[in-house]
Amino acid sequence: MADRYVLTASDVTIEYPAHSVSSAFTAVKGFTLTIEPGEIVGLVGSSGSGKSTLAHVASGQAAVRGSKDNSPRIIGGSLDVLGFEMRGLKRSKLNKLTLGVGYVAQDAGSNLTSNMTVAELVAEPLFLRDKRYNRHEAGLKAATLVDALLLPVGSMLKQPHELSSGQRQRVAIARGLILDPVLLIADEPTAGVDVSVRGAVVDVIAGLQRSRGASALIVSHDLAALRRSVDRIAVIHEGVVVGLGGIDEVLSDPRHPYVAGLARETYSDEADDDFDDDEDDEGEGEGDGDEDGSESDAGAAPDRDENR
Ligand SMILES: Nc1ncnc2c1ncn2[C@@H]1O[C@H](COP(=O)(O)OP(=O)(O)OP(=O)(O)O)[C@@H](O)[C@H]1O
């Protein structure tokens, strides 16, 4: 049954272990979620609600069996990712797991190796897996992703310090996608990305994954950025799921005060946007990420692509 899903979380509880002066802390409590092949799910919640903890654990970045570090560990329930039980995962299984699971950490854009070019950074995971990977093919794959993520073509030969923080974040996303993961777990992929392209960046992630029948779990506190791309959202509050389903389904029938607040905020923002869009809507709706022209605020300098 578990194989039907790329991820099955059943009543998962995750704890940070006690260390020196601080006692153990339960960051996620009884989390339940399934993700089907080809499905794009948004994980939404306020700061400190447990989103990154879950992403970290589900992507295999957290504690493996026997480790003594302070990383979070599953202490209740079960979490199956691509057929691997993450609770007490053996170190020997990690390599296989991470072949199928791509992970873009929250601050991935600011942790890129500084003396590598964008082309090298994006292609690097291919060579880390296979030193003999065809260089030409790797270059093409990297260029295709860089283009898809709306980065200027000229950025391929640039180093991270020559890019904006939002552009660096998109390089990190391209790195996360280059191995064609069966499941991409992206933690705040649009952090630092210009507001004018946030939705488009999520679209690209969702579109690329869907087109291969692959899935994504996209962590974000920015519901607007997820709005048009995800199939479902899970809303998490203080470590507990308080809403699960299609965005409108969840927001129109809030079962928890946090979701009710989210709904008010979202619908009032959208009402404002609708008003603005009425003035510049004509070029939109192509669905290929080219809607930037209509989104540029007068006087603003969107983080793309006059210089593509
Ligand atoms: N290393 C740690 N040790 C103990 N508690 C931690 C640790 N890291 C995070 N926490 C706590 O776990 C809870 C969940 O944190 P987490 O980073 O998962 O939240 P989040 O929803 O991703 O927040 P944000 O949107 O700000 O990234 C928070 O209360 C946080 O203080």
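How many bridges join strand β3 (residues 40-45) to strand β9 (residues 232-237)? Five bridges join them, and the two strands run parallel.

This is a predicted model: local features need pLDDT of at least 70, side-chain atom pairs count only at pLDDT 80 or more, and totals for chains, interfaces and linings use all residues. Residues are numbered from 1 along each chain as its sequence is written.

**View 1. An open sheet holds six strands.** Its order is β6-β7-β8-β3-β9-β10, with mixed pairing. Strands here are DSSP runs of E, at least two residues; helices are runs of H or I, at least four; both are numbered from the N terminus. Two strands pair if DSSP finds at least two bridges between them. The edge strands, β6 (101-104) and β10 (240-245), each pair on one side only. V41 has R232 in β9 as its bridge partner.

**View 2. Helix α3 (residues 118-129) meets helix α5 (residues 165-177).** Their axes come within 7 Å and cross at roughly 30 degrees. Axes are lines fitted to C-alpha atoms, for helices over the stretch in contact; angles run from 0 to 180 degrees between N-to-C directions. The two helices α3 and α5 are therefore roughly parallel (angles under 35 degrees). V118, L121, V122, E124 and P125 in α3 meet V171, A174 and R175 in α5. Contact needs C-beta atoms, placed from the backbone, within 7 Å.

How values were computed. Angles under 35 degrees count as roughly parallel, over 145 as roughly antiparallel, 65 to 115 as roughly perpendicular and the rest as oblique. Two residues are in contact if their C-beta atoms, placed from the backbone, lie within 7 Å.
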